[in-house]
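Here's a quick look at some ring contacts and a bit of sheet. Have the viewer open while you read.

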Amino acid sequence: MSTAAARALAAVVDAERSVTNVAKGRVLNRMEEYVDVERREDGEDASALEVAPITVYETKYVEAQLRMIAVNDAFICYGIRNGLIRVFSRKSGNVRSLLRGHSDSISTLKFLANTDVLLSVDVRGRVMVRKLSLQGADDGASIDVSDDNDAGWTIGSQNLVDFDFAVDTPDGHLPPSACWLPLDSRKPGKCEFALSAGTCVVCYECSLMKKGDAIAAEIDLNAPPAMDGLQVIEFDAPVSCVDSAPAGRKLVAASEGRAYVLVKEDGETEFECTDTLPWTVETAVFASAERVILGNDNNSELIVVDVTQETPFAVQRVVFKSDSDKLFNVCLQHNPETGIVLLSNTRMNTVYALHFEKSFDYIARFEASQPILSFDSHVKYDGDGSATMQLFCLQTQAIQTLSMPAEACIPPDGALEALGSLGTPKTKGSLEHSSSATLLTPDMFGGAELAGDEEDEEEERAAVVPSKKAAAAQPASSEESMGESGAEEEEGEDEEFESANMSESGAGAIPVAAAFDMKQLRATIRNEMRELLNEVRDERRLAAEERKADMERARKANETAAANLKRDVTNAIAALLQQHSVDNAKTLEAGIGRAQSVAATSAQTAMKSIVGPSIDAAVRAQMETSVVPKMEIACSTMFTQVKHTFERGMADLNTELLAARESAAISQATPFVSGLRQATTEVRQAATALMTDIPNQVAQAMAKVTARAPSGMGAPPGMAPKSVTQGKTLAQIEQRLDPTVEISKLLQANQIDRAFNLALSMSKVEVVMWLVNQVASDRIFGQTPCPLSQGVLLSLVQQLSSDLTTPDAPKKLDWIRDSCLAVDPADPVLRQHMRPVLSTVHQSLMAAANSPTSAPEVRAGTRLCIHVVNSMLSSL
């Protein structure tokens, strides 16, 4: 479709370009490209990134696909230890804050486009949506960027969503990820996000106009509540990632090595799966509404897939290779404003910038001084309209801004035309052998032919690729410099701030060299191309249907011809037999055999020449498109059913064995318990007899002796007669055998500290729990000051945490939490003992939290206690 509009668009874009860039990367123009991370091709040169420090903060080197930093026009946010999130103001670097709420490491941080709404997810599946604002200390007004005095300004946050899904991520799987869906103009004040949580994709629509903070809610993915705007889409295996298209309601999710496209049609309330992409992947990112980029677990292999057709097909494959294992790419991120896809090789301290139009057509390399563990991209425009890609990076030793010119990341003028664009006749049929067994499909070759049939496809690429530079002329908001110094003051963090300068300035746009609307012209060209491609597809579909009908008619004609031939030959033979005599029977039989052989050979030859090729092609296509996929689905379903049946059987068997073991234990212990009870009863009766009968008998005997003795006889002088009542009573014996008697007396006398001290001194958790059940927690912790001493509180925490597998574990956790809150970390006597004791308590709590046998309420209470103990340890 070589139209005047396309030629005019290319001329206008060329007129707007006054400077020709020197290429430092290389052009990618084949359907299968290989990039050696340790070697560069001729003419390819890596350049260093421009560095602007934000803060000095040490992060442990970890190779994981995490998005722990997010940036917009107003704020910079990044995750630090213990699930905390540090927030900087880009308008004034001295204004910063800490966001709390997560207790585990952050896995995803993302801002909603053109807003200050932040989405954060940790590795355990807790999701929080916050609205950030920069406010004054007095009236809460917005800050004036022209005011150099930032004293009194603070960063405020409002919780819009607080969900805890309690995800247990299996080893070897990616942690939960999340994405924003584009804002819907038909629903003002509403936003929607999607989350990969366990074996589910969760979609939730929330309001941006909510007043007050949202209440934390725990959601069970096995039985999700009926909430407005909440949808849980279940998969058969853990979901590794989820991403949204730049427009509309379309998601792509990866699960068990396959990618699935989920679409919510207009007027519908739920997403439905429309396509399954049969390539082995772990990550998936929408590059446009029509194209999806698929990556493996370390993004060393990228596949571009067209999802607009009824059967999605691969367009291009880019493979990064290394002979000495120096490759681990993280943060596959597409910047729609510039059309650049960014990757960070943590083992080589390298950033790869791949320009994407309809496929990857250019790659440039940039070097950094430290490994880049996570980053977020932002576009900055200079006064002359030139664009700069800014990478806000979380590195091993610092948080920094790395900058690269956008011009160095796109193909130079004429480079694509010189080598031929992807899919043109120059490269048609040049697809190299793939190492992936499921990469190449017949649809992939069909897609390449379709792209090469259109002559104007190359012209449109030549016109659209330069338009990215013209887009750099858009104005951008200016940002003032930000600086930081000093030591961190909150939560014992060891951040050291250095001065930073992140200025952004922009002037007006470059004048357009044409009198017509560029966007409208580009949209017209795109619509014409789409209509022409649809017409070609319709023609091919009609031709395929006609070929199928011709094959069916040829088959029926062959069958009819064979039947007629057989009938005619049989009639001719019968006529000949009637005409000739018996003497010529042998000759006739030989002739009949030859005629039948010739007829059969002719029929087979005609069948092979007419029907054979068409039948082979049809059978091959049917096997590849229908039989094999259905067989895979059937096998997957069968193995899933076998797995579930086996798991249910093992669970039933475990239940039966446990019941049998408990029955056997009870049957063996019952005689022993009965005998013990009988012996206890006999001992009590004997003790009663000893304490009542014997004193009475002694008293009677003494009375008789006294009566018989002379009046002058008696006790020696100065010595009183010994009273028989000085012996131990039954109550005193029971008091010695049962310590709860003395503890009860102390409680009645309101001597609570002595009662707990006596119970704890016995080192028996049963006695301590008996005392805890006798005293209401408000009686202890509702008083100021607390009636229990610091030593008693610390011993109480240690003994209660020693065993959290008992049925009364929830009550133990409540007392542990309240006792920890009542302990004074500054106590000079116990300070040297607190860290060892609290470390032991922390280990017990972590074991209970990770135990698969712990009840849900025990896990919830354990997480809260862990948070309290961590706070105490950090304050020591």
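This is a predicted model: local features need pLDDT of at least 70, side-chain atom pairs count only at pLDDT 80 or more; totals for chains, interfaces and linings use all residues.

F781 sits at 22% relative accessibility, so F781 counts as partly exposed; the label covers whatever falls between buried (under 20% relative accessible area) and exposed (over 50%), with a 1.4 Å probe and protein chains only. W815, at 2%, counts as buried.

Residues are numbered from 1 along each chain as its sequence is written, and side-chain values use heavy atoms, with hydrogens and water left out.

There are 11 aromatic pairs in the structure, meaning rings of Phe, Tyr and Trp (its six-membered ring) with centres within 6.5 Å; planes under 30 degrees apart are stacked, over 60 edge-to-face, the rest tilted. For F781 and W815 the ring centres are 5.4 Å apart and the planes at 70°, so this pair is edge-to-face. The two residues are 34 apart in the chain, and the pair links distant parts of it. Here they are side by side:

| Residue | Helix | Relative accessibility |
|---|---|---|
| F781 | α13 (residues 777–781) | 22% |
| W815 | α15 (residues 809–822) | 2% |

Helices here are DSSP runs (H or I, at least four residues), as are strands (E, at least two), numbered from the N terminus. Elsewhere, F163, F165, W180, F193 and Y204 make up one aromatic cluster.

Now the sheet: four strands form an open, antiparallel one in the order β4-β32-β31-β30, where pairing takes at least two DSSP bridges between strands. β4 (50–55) and β30 (372–381) are the edges, each pairing on one side only. Five bridges join β4 to β32 (residues 399–405), and P53 stands opposite Q400 in β32.
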